[in-house]
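Work through the exercises below with the model open beside you. Try each task before reading its solution.

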Amino acid sequence: MIPHGMNRRSFIFSSTAAMLSAPMAGYSLSSGSKIRIGMIGTRHAHASGKIKAIRDQSDTFELVGVVENDPVRRRELANDDLYSGVTWLTEEQLLNVKDLHVVAVETEVKQLVPTAMRCIEAGLHIHHDKPGGTSLPEFRKLLEKAEANGCIVQMGYMLRYNRAFQFMYHAVREGWLGNIMEIDCMMGKLANPSTRNDIGQFSGGGMFELGAHVIDSIIHMLGKPLSVTPFSHTTQPDGIADNQLAVLDFEQAIATVRINHMDPFGGPRRRFQISGDKGTIEIQQLESGDLTLYLDEPHGRYQKGEQQVSLGQDGRYDGEFRDLAKVIRGEKPFDWSYEHDLHTHEALLRASGMSTG
């Protein structure tokens, strides 16, 4: 129930900002100490990017080791500069490293939640790559255990830390766009046979692979949807869901999420548009750091009317680990609650036409 005198927009941001207060899993960490981090798995689509982000921040993180149980995979990575010189460990060895602070979980999707649970049970913070598995009850158990153990769960939704998205969050929170009425977003690509094989393992298809990146931002700004309605088509003989749309209904707003894996220009056309009764933001291309801002009244250095805003780019995953370090050190609260992550994953499963039972 929204408190009296508070509109839905301000309520959502104040409630999601009931933030995790950087719990420390049984140890303290001085601001000058390096954060000891390990990684489990190398087969997630983002694994190479994540280890690069970690190693690029070697002044902050000490990479103590990587777990990859498949010897063939380890040999494949022997010639990959990103993994050059890493210490290969078993999972048991990694979880018993002295003063280990956090683990990046980068396994195949089916193993993400079970692996993350073992890390949480060991009292470790985690960076949990997307998505949160196929079972909502199992993901809920993971979050409940993390909360009980005082462990941070940072989901691998990289758009959270994109400069254009951070600008958008600020604009919505400060009321620049007024009451939000609509969100329209799309993440597409032309999936190669390997990607089609990966997404074909799940009935949710392409939406299950990509949809949470934008659904995470939608729920961050609008809260839990009243309903989620999925639409799905298969365009190829392999029967994989590759042309999908989800409609998220809110008290005053409607959001649409389109995921198309048959679009040869899906990458450059990726977009996120949000409109209220006082203004609009259009982010296209999605990760460019550029946006178009429309305002019916000026705010700060931004004038009334239409204007282009170019904010530049960081490394795709750099912001995730910079923020995680600050939270672990107690320098700031975490901006995404356990409840938020649960709502996001439930909405993703519904948007993908998958079970939430």
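**Exercise 1. Helix against helix**

Task: Decide how α7 and α9 are oriented relative to each other, and say which residues meet.

Solution. This is a predicted model, so every value here is computed from it.
- Start with the axes. Those of helix α7 (residues 163–173) and helix α9 (residues 205–222) come within 10 Å and cross at roughly 20°.
- Apply the cut-off. Angles under 35 degrees count as roughly parallel.
- Therefore α7 and α9 are roughly parallel to each other.
- The crossing of α7 past α9 is right-handed.
- List the contacts. From α7 come F165, M168, Y169 and V172; from α9 come S217, H220 and M221.
- Sort them by class. The contact holds five nonpolar residues, two polar ones and no charged ones.

**Exercise 2. A strand between two partners**

Solution. 
- Take β7 (residues 180–188). Seven bridges link it to β10, and the pair runs parallel. Here M186 stands opposite R258.
- Take β9 (residues 241–249). Seven bridges link it to β10 as well, but this pair runs antiparallel. A246 has V257 as its bridge partner in β10.
- A hairpin of four residues leads from β9 to β10.
- Judge the burial. Five of the seven residues of β10 (residues 254–260) are buried, so the strand is largely enclosed by the rest of the structure.

**Exercise 3. The surroundings of V228**

Task: Is V228 buried or exposed, and which residues does V228 touch beyond its sequence neighbours?

Solution. 
- Locate it. V228 belongs to strand β8 (residues 227–234).
- Compare with the cut-off. Buried means under 20% relative accessible area. V228 has 15% relative accessibility, so V228 counts as buried.
- List the contacts. Leaving out residues up to four places away in sequence, V228 touches V247, L248, A347, R350 and A351.
- Take one pair further. V228 and A351 lie 123 residues apart in sequence, yet their C-alpha atoms are 6.0 Å apart.

**Exercise 4. Backbone in the loops**

Solution. 
- Begin with K130 to P131. This peptide bond is cis, with omega near -10°. P131 sits in the loop between β5 and α6 (136–149).
- Go on to Q284 to Q285. This bond is cis too, with omega near 0°. Q285 is in the loop between β12 (279–284) and β13 (290–295).
- Finish with D99. Its phi is positive, about 60°, although D99 is not a glycine. D99 lies in the loop between α4 (91–95) and β4. With a relative accessible area of 46%, D99 is partly exposed.

Notes. Residues are numbered from 1 along each chain as its sequence is written. This is a predicted model: local features need pLDDT of at least 70, side-chain atom pairs count only at pLDDT 80 or more; totals for chains, interfaces and linings use all residues. Side-chain values use heavy atoms; hydrogens and water are left out. Helices (H or I, at least four residues) and strands (E, at least two) are DSSP runs, numbered from the N terminus. Buried means under 20% relative accessible area, exposed over 50%, partly exposed in between (1.4 Å probe, protein chains only). Contact means heavy atoms within 4.5 Å. Two strands pair if DSSP finds at least two bridges between them. Axes are lines fitted to C-alpha atoms, for helices over the stretch in contact, and angles run from 0 to 180 degrees between N-to-C directions. Angles under 35 degrees count as roughly parallel, over 145 as roughly antiparallel, 65 to 115 as roughly perpendicular and the rest as oblique. A crossing is left-handed if the near helix is turned anticlockwise from the far one by less than a right angle, and right-handed if clockwise. Ala, Val, Leu, Ile, Met, Phe, Trp, Tyr, Cys and Pro count as nonpolar, Asp, Glu, Lys and Arg as charged, and the others, Gly among them, as polar.
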